[in-house]
Each structure stands twice: as C-alpha cells, then as structure tokens.
Amino acid sequence: MKKSLIALVCALATGAVYAADVEVYGAVDAYLAVNNDDGNVSSALSSGGSTGNYFGFQGSEDLWDGTQAVFKLEAGFLVDDGTFAQSYAGNTDRLFHREAWVGLRSADFGQISFGRQYTPHFLTWAMTDANGLSLGTAAGAFFYPSAAATMGGDDPTLDDLVRRNNSVFYASPNLAGFTLMAYGALGEHTKADGTQSNSQGNVYNLALNYANGPLFVMGSVLYQDLAQPSENRKDQTADHAVYYELAGIYDFGFTKAAVQLEYKDGNGTAESPDIFVGQIGATTPCFGGRINTTLAYLHDYDKADADAYSFGIRYDYDFSKQTMAYVGFVALINEDKSGRSIEAGPDSSNHFAVEALGNDQQQFFVGLRHRF
C-alpha cells in the first residue's frame, strides 16, 4: 500500500514538498500449536509462524542519473499480546528492531546502506529455505538460542547473527548473474575499564550469489570478533568464531529442491563449539497450494551424544495475494546430551523449550497470515 507523504507529513509539518515515494506495509500472523515433549503435551496461541509480525515504512527518491536515496524502517510485534517482538537479543526496547537503514542505490554501482540490517549470513539460508526460515523448517531447531547454534552469535543476549546494529552493507549490481555482498558491523562494546573496544563484537561478512534461470546458489563467510564475557557468559574464553555457508535451490517445474550446508568454526570450546548443520528440502505445488518439506541434521564436534535430527512438513494455501492459511508438523530427535527445541522463527512468540536433555519433541500447528 503506497502512500505519498507529500500531503500527510511534509506539507503538514513544514509546508515543504518532497517527491519521495513511501510505502507502508506489514504482516499479521497467528497460529495455534500443540507440542509434545516426551509425553508432556502443551498448547499455545502464538505469534509469527510463517513470518514475523511487523509493520514498516520504505521509500526512495530519485536523485541523479538513475541513482536513488532509499530507506527502510521496520518494527516487529507479537499479535497474541500486542507487545514488541521478543528475542534472545533483548530487543523489546527497540522501536525498529527488524530493520532501520538509509542508503543509496543505482543500477550501475549497486546499493550501499547504513544502520541495523540483515546479515548476508542469514540471507543465504533465508533466500533458499523452503519455508523462508520459519515454522516448519527442520533446521529451525538449530538456529537459536545459544552460541551452540548457527544464528545465535557469541552471546544472544547482546545480539544474534540475523541482523546487527551499526552495520554497513554493500550489494553489487548483477554481473552476468553474480551478485557480491560485503557487510561489516561494529560491536561498539564498552570494555571492563570503561573504554570502548574497537573490535569486540564486530562482524565481517562476505557473500556471493549466482542466479541463472531455475538455478540459484549462494555462499557466505562470516567472521565474528566475540564480545567480552557478560553476565550470561562469564566462562567465555574464545575470541572469535567463523561461519561458512553454501546453499542453493533448483526449480524443476514440478518441484523446487533446496539444500543448505553450514559449518561453524568456534575454536572447539564449550561456549563456542564447532558445529555442522545440513538440510535438504523441497517446495511442491499441490491442491492449489504448496507442500514444503525439510529434513535436517546437526553435529556437535565438541560434545559427545549431542547431535540432533529434525523433519518438517507444512502446507500453505493462498486465499488471495494477501491472505494465507498454513498447517504443518515438525518432529525433533535429540541425542542424550542434546537440548534442542522446535523454534517458531525469528521475532516469534516464545517457543516450547525442551524440558530435559535428550527429550524428543513433536509439534502440530495451524495458522493464518495476512500481508498489507
């Protein structure tokens, strides 16, 4: 839904007129889940099954020779109770927690932007996942909430690896099917002596994708300079972690197949372990909708009997371009010392945490999403 701010804002506030196009958009998503944790059955009405709930503003202004000024402000919320989106990064006091950036875009040089932005590390998985990295994705159980996860970061109470503050993001123009992404984010942490660190918490991320007809492939390398020990991670000794990803999709027509592979080099420490996650999936048209299936595996190199396996299936049906219903099932198998749990997705209501190490979980869910 596009709105011109010429009359609504600019004229009312200052009397000035600016030729900028601004879009107001968002999504509202709610679902009912029934979860079984080794025989203990519980249920909840939750928020953000197929997508996080959000509203936002994005816009552009033509400047010169095909160059535009662009911006995006996006806030997350929970539809089940109306509060700001909860997350392990403690983002409840951020108005535009999901995205907040401004930049320049051109067909000749690409786009450069500054602010709180998604990492290419996250986009590599999200752009190739059958469910767009939401409820029903088998590997979702391996993304959060700890540092022993692919999106958790060194201390998820500070921030995760989905999006970062103080970031600079560059995406090149399409060059014979290739697009290069370069990303850097400043941790801006204060050290124990009260001075500001130039490196603690910094993130550096390079990614490259290739698109040609039915094929899309993307790879990413992310380096994180770990933050100083916090109240949540007093035992931290590792100084950095590196994440390697390779993912791709191929549209066969009758189905779209996907694969995602990720390895985290966390220095082999208990607070930053080495882990591998692999997932295969497919999106298949069926009965006027889509069946999304995923199968995932996590291996912990530094802890015996801590691997996990997961399977997810979800059916999406579009009532219209804006409204979709979905229903699905996820099963998670933990080895004896694994404590993974089924994750709804970023910016969703709190999930059902596993009650004991080694417990298996199964979850049935049904939900409704409306975009505007």
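Mentor: Rolling a probe the size of a water molecule over the atoms shows where empty space is left. Here the largest cavity is lined by Tyr31, Ala33, Ser46, Ile342, Ala344, Ser349, Asn350, His351, Phe352 and Gln363. A cavity is a set of points, on a 1 Å grid over the protein atoms alone, where a 1.4 Å probe fits but cannot get out, and lining residues have an atom within 4 Å of a point. This is a predicted model, in which local features need pLDDT of at least 70 and side-chain atom pairs count only at pLDDT 80 or more, while totals for chains, interfaces and linings use all residues. Residues are numbered from 1 along each chain as its sequence is written, and side-chain values use heavy atoms, with hydrogens and water left out.

Trainee: How many cavities of 30 Å³ or more are there, and how much space lies in the largest cavity?

Mentor: The count comes to two cavities of 30 Å³ or more. The largest cavity holds about 40 Å³ of space, where a volume is the space filled by probe spheres set on the points, and grid points are joined across faces, edges and corners.

Trainee: How does the lining of the largest cavity divide into nonpolar, polar and charged residues?

Mentor: The lining has five nonpolar residues, five polar and no charged. Ala, Val, Leu, Ile, Met, Phe, Trp, Tyr, Cys and Pro count as nonpolar, Asp, Glu, Lys and Arg as charged, and the others, Gly among them, as polar.

Trainee: Next, charged pairs. How many salt bridges does the structure hold?

Mentor: Side chains of opposite charge can pair when their charged atoms come close. The structure holds six salt bridges, each being a side-chain nitrogen of Lys or Arg within 4 Å of a carboxyl oxygen of Asp or Glu. In one of them, Lys72 pairs with Glu74, with the closest N and O atoms 3.8 Å apart. Lys72 also meets Glu99 in a salt bridge, at 3.1 Å from N to O. Glu99 lies in strand S6 (residues 99–106) and Lys72 in strand S5 (residues 67–77), so this pair ties together parts that are 27 residues apart in sequence. Strands (E, at least two residues) are DSSP runs, numbered from the N terminus.

Trainee: Which residue forms a salt bridge with Arg98?

Mentor: The partner of Arg98 is Glu74, and their closest N and O atoms are 2.6 Å apart. Arg98 lies in the loop between S5 and S6 and Glu74 in strand S5, so the pair ties together parts that are 24 residues apart in sequence. Salt bridges that share partners join Lys72, Glu74, Arg98 and Glu99 into one network.

Trainee: Is Lys72 buried or exposed?

Mentor: Lys72 has 16% relative accessibility, so Lys72 counts as buried; buried means under 20% relative accessible area, with a 1.4 Å probe and protein chains only. Glu74 is buried at 3% and Glu99 at 7%. Arg98 is buried as well.

Trainee: Last, strand pairing. Which strand pairs with S16 over 11 bridges?

Mentor: Two strands pair if DSSP finds at least two bridges between them. S16 pairs with strand S17 (residues 323–334) in the antiparallel sense over 11 bridges, and the two form a hairpin with four residues between them. Strand S15 (residues 289–300) pairs with S16 (residues 308–318) over nine bridges, also antiparallel. Ala308 of S16 stands opposite Leu298, and Ala308 also stands opposite Asn334 in S17.

Technical notes. Buried means under 20% relative accessible area, exposed over 50%, partly exposed in between (1.4 Å probe, protein chains only). On a 1 Å grid over the protein atoms alone, a cavity is a set of points where a 1.4 Å probe fits but cannot get out, and a pocket is an open set with protein on both sides within 12 Å along at least five of seven lines; lining residues have an atom within 4 Å of a point.
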